[in-house]
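Please find below some notes on the model under review. They are set out as numbered points, to be read beside the structure.

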Amino acid sequence: MQRLLLPFALLLAFTACNNSATENKGEESSNEESPVIPAKPGGTFTVTILDRDEDTSSIRFNFTLDTLKYERTYNDVPLIKGYPDSAVYKVFWDAPNSVWVGFIKPNRDTRYYHGSQDKASLKILWVPSPPKRIYQYMEKYVGLGDAIRQQEMVQEYDKEIKSGQIIAHFIVRLKALKEPDKKGVYLEFGGIKRELELPVPQGAKPYIQVVSEDHCVVGLQMPDGEKEDYYEVKVVNGRIGYKQVQTALNIK
């Protein structure tokens with residue numbers, strides 16, 4: 001799954017500030033590394049996904065805690081298609097008044113929101129960079145993204161599809177190269193052909209997974225079993241394209 005990068009801390013010029021920053025950084029690191037313990041919910045948190053058949057959806061949250069009630073809707077949220085709601089999002093309470101919800105986007109990245117209590121009111125915010133301890137727990141133990149990770153891994157995808165006005169075979173194929181630490185990735189649609197290279201660390205297994213008939217990802221199953229997407233390949237309006245996804249930064 002794609003990971004979000006956390007911003008670098010600024011280096012302060014004054015020694016006193018540096019000492020303070022070091023202390024704060026130590027506290028933050030401690031919080032990041034502290035174990036995640038599921039909490040008994042202190043209230044209720046419901047998720048309603050609207051416009052599931054559109055390119056983007058609306059998400060309505062209803063949050064209650066004791067006598068407090070709060071509702072908020074986020075519009076134009078991209079969500080992965082072809083899966084039930086139970087696979088698209090997962091909810092996790094890490095404190096009686098703190099709840100996280102994670103969603104899977106079409107590019108298989110994640111999107112997180114956080115509900116919490118702020119004195120006498122409730123709030124629900126989009127969190128672009130959730131704490132590492134939270135997203136790791138959500139993805140490893142709560143099951144966010146399981147439906148994607150369990151997709152079949154293949155070495156070739158070849159299917160005739162219609163995109164725009166073009167009907168042609170959409171092909172994504174892994175190929176052997178002379179270099180043992182690389183694989184070739186062959187792409188084709190509508191007469192357009194491309195060849196890419198996929199670096200393969202020792203012990204890793206290249207794969208192709210089909211997201212939808214016009215959308216594939218190419219990645220690596222690492223020796224520890226984790227899957228890392230490397231290329232996203234799509235056919236849009238009759239044209240084939242690809243991009244290297246951010247998870248590639250994690251592959252060494």
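1. Which residue of S2 stands opposite Thr 48? In this predicted model, that residue is Arg 60. The two strands concerned, S1 (residues 43–50) and S2 (residues 57–65), run antiparallel and are joined by eight bridges.

2. The hairpin formed by S1 and S2 has six residues between the strands. Within this hairpin, Asp 51 adopts a positive phi near 60°.

3. A further set of four strands forms an open sheet, with the order S4-S5-S6-S7 and antiparallel pairing. Strands S4 and S7 (121–127) lie at the edges with a single partner strand each, so one side of each has no neighbour in the sheet. On average, neighbouring strands of this sheet are turned by 20° against each other, direction ignored.

4. Within the sheet, S6 and S7 run antiparallel and are connected by seven bridges. Ser 116 is found opposite Lys 123 of S7. Helix H3 packs on the sheet and touches S4, S5 and S6. The direction of H3 makes about 120° with that of S4.

5. Which residues of helix H3 (residues 132–142) are buried? They are Ile 134, Tyr 135, Tyr 137, Met 138 and Glu 139. The cover over these buried residues includes strands S4 (89–95), S5 (98–104) and S6 (110–118), together with helix H4 (146–149).

Key
Residues numbered from 1 in each chain as written. Predicted model: local features only at pLDDT ≥ 70, side-chain atom pairs only at ≥ 80, totals over all residues. Heavy atoms only, no water. Buried < 20%, exposed > 50% of the residue type's maximum accessible area, 1.4 Å probe, protein only. Contact = heavy atoms within 4.5 Å. Pairing = 2+ DSSP bridges. Axes fitted to C-alpha atoms, helices over the stretch in contact; angles between N-to-C directions.
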